[in-house]
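Biologist: Can you walk me through this one? I'll ask as we go.

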Amino acid sequence: ISPCVDLIDPFVVVTLPPPMLSKNTMPVSANIVEVDLVAENGVVHAIDQVITNSYLRFDAMEAMDFAGGYGILLELIEITGLLDFMSDSGPFTLYAPSDTVFQSYGQEVIDSLKADPERTRTILLNHVVPGLIIPCCIEGRNEFESAAGFQLVLDNFNPSNPSDYTVNEIGTVSAATDLLTSNAKINTIT
């Protein structure tokens, strides 16, 4: 066994020493407990946990913190008093702007959001829909009400990639959608 990155899933990494396997959705790396078990069609390395493509071990706040790129959103959630809501309640779908999105509006806008917690709380709740919205299970144009009572329209589905759609004409980041957590489904928006 040697250090490597999986060619099919570049987020799976094998490191030495000690022999471990990690993936960005695994909170703790797996120990490789047996190596080089020869099979008819390849070689097997046994690990001590299940590799998962979800953040089910985390609540929404923990998942965004672990995934990285949501620092501004996490700070705004704390400032607006939504920490308990995002950590405990659920299920809900969160359309999460990344740090890149916030930064594209400039520091002045970020500072104004931090300075007015009540207004920002309403804005953030407009990014939350009670229940889990699974885009691959709905077709065409769909309307949902946000936690703040605002209408959200899901539309423009890409049939070859169900994670590629718009919310009120704002695109989703298909590589960062459908992050399933213990209490939410997080979809990054552009």
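Biologist: What order do the strands take in the open sheet of four?
Modeller: This is a predicted model. In it, the order is β7-β6-β13-β12, and the pairing is mixed.

Biologist: Which strands stand at the edges?
Modeller: β7 (128-130) and β12 (179-180). Each has a single partner strand, so one side of each has no neighbour in the sheet.

Biologist: New topic. How many residues lie between β4 and β5 in their hairpin?
Modeller: Two. β4 is residues 30-39 and β5 is residues 42-47. They pair in the antiparallel sense over five bridges.

Biologist: What stands opposite Val38?
Modeller: Val43, in β5.

Biologist: Now the whole chain. How many helices and strands are there?
Modeller: Six helices and 13 strands.

Biologist: And what share of the residues counts as buried?
Modeller: 36% of the 190 residues. The chain exposes about 10,400 Å², with 56% of that from carbon and sulfur atoms.

Biologist: What about contacts between residues 24 or more positions apart?
Modeller: They make up 46% of the chain's contacts with a separation of 6 or more.

Key
Residues numbered from 1 in each chain as written. Predicted model: local features only at pLDDT ≥ 70, side-chain atom pairs only at ≥ 80, totals over all residues. Heavy atoms only, no water. Pairing = 2+ DSSP bridges. Buried < 20%, exposed > 50% of the residue type's maximum accessible area, 1.4 Å probe, protein only. Contact = heavy atoms within 4.5 Å. Areas by Shrake-Rupley, 256 points an atom, 1.4 Å probe, with all protein chains shown as cover.
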